[in-house]
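Below is a short note for a colleague on one chain. Please read the points with the model open.

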Amino acid sequence: MATSKLEIATGVVHEVPMDLREALTSDLDALEKWNGLTPLARNEWICWTTSVKKPETRANHVERVRLELKAGRRRPCCGPGCPHR
């Protein structure tokens, strides 16, 4: 019996951290939206998630990535001046 492996697209510069990877692969809708993003957009989400200092803030960001992708949001921040680009 063959097993199915969930594929997750990466960012331009950053690898997908394990906590974010687990959140995305646990929700097929969020994973599909993630894989539909451009590499630059995925990179911004990764940077936005990992740039915080407190573990509880990071956990909140990981969950927000999942929820906001499902809601149709494609980028974490406002535009070209964003430090996560």
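1. Aromatic pairs. Rings of Phe, Tyr and Trp (its six-membered ring) pair if their centres lie within 6.5 Å; planes under 30 degrees apart count as stacked, over 60 as edge-to-face and the rest as tilted. By this rule there is one aromatic pair. The ring centres of Trp45 and Trp48 are 5.7 Å apart and the planes stand at 85°, so this pair is edge-to-face. Both Trp45 and Trp48 are buried. Buried means under 20% relative accessible area, exposed over 50%, and partly exposed in between, with a 1.4 Å probe and protein chains only. Trp45 and Trp48 sit three residues apart in helix 3 (residues 39–50), about one helical turn.

2. Basis of the values. This is a predicted model: local features need pLDDT of at least 70, side-chain atom pairs count only at pLDDT 80 or more, and totals for chains, interfaces and linings use all residues. Residues are numbered from 1 along each chain as its sequence is written, and side-chain values use heavy atoms, with hydrogens and water left out.

3. Overall layout. The chain has four helices and zero strands. Its pattern along the sequence is α-α-α-α. Helices (H or I, at least four residues) and strands (E, at least two) are DSSP runs, numbered from the N terminus. Of the 85 residues in the chain, 36% are buried. Contact means heavy atoms within 4.5 Å. Among contacts between residues at least 6 apart in sequence, 67% join residues at least 24 apart.

4. Helix 1 against helix 2. At what angle do helix 1 and helix 2 pack? The angle is about 115°, and the axes are 6 Å apart. Axes are lines fitted to C-alpha atoms, for helices over the stretch in contact, and angles run from 0 to 180 degrees between N-to-C directions. Helix 1 contributes Leu20, Leu24 and Thr25 to the contact; helix 2 contributes Leu28, Ala30, Leu31 and Trp34. These residues divide into six nonpolar, one polar and no charged. Here Ala, Val, Leu, Ile, Met, Phe, Trp, Tyr, Cys and Pro count as nonpolar, Asp, Glu, Lys and Arg as charged, and the others, Gly among them, as polar.

5. The two sides of helix 2. Ala30, Leu31 and Trp34 are buried in helix 2 (residues 28–35). Down the helix axis, the buried residues fall within an arc of 100°, so they line one face of helix 2. The arc is that of the directions from the helix axis to the C-beta atoms. These buried residues pack against helix 1, helix 3 and helix 4. Turned away from the buried side, the other face carries exposed Leu28 and Glu32.

6. Start of helix 2. A side-chain oxygen of Asp27 comes to within 3.2 Å of the backbone nitrogen of Asp29. A polar contact is a pair of N or O atoms within 3.5 Å; within protein, one must be able to donate a hydrogen and the other to accept it, and residues adjacent in sequence count only if both atoms are side-chain atoms.

7. Ile8. Ile8 lies in the segment before helix 1 (18–25). At 13% relative accessibility, Ile8 is buried. Leaving out residues up to four places away in sequence, Ile8 touches Val16, Arg21, Leu24, Leu31, Trp34 and Asn35.

8. Arg42 lies in helix 3 and is buried, at 8% relative accessible area. A polar atom of the Arg42 side chain is 2.4 Å from the backbone oxygen of Leu37. Thr49 is also in helix 3 and is buried at 0%. A polar atom of its side chain lies 2.8 Å from the backbone oxygen of Trp45.

9. Beyond neighbours within four places in sequence, Thr49 contacts Leu20, Arg58, His61, Val62 and Val65. His61 belongs to helix 4 (residues 55–70). Is His61 buried or exposed? It is buried, at 10% relative accessibility. Val52 is in the loop between helix 3 and helix 4 and is partly exposed, at 22%.
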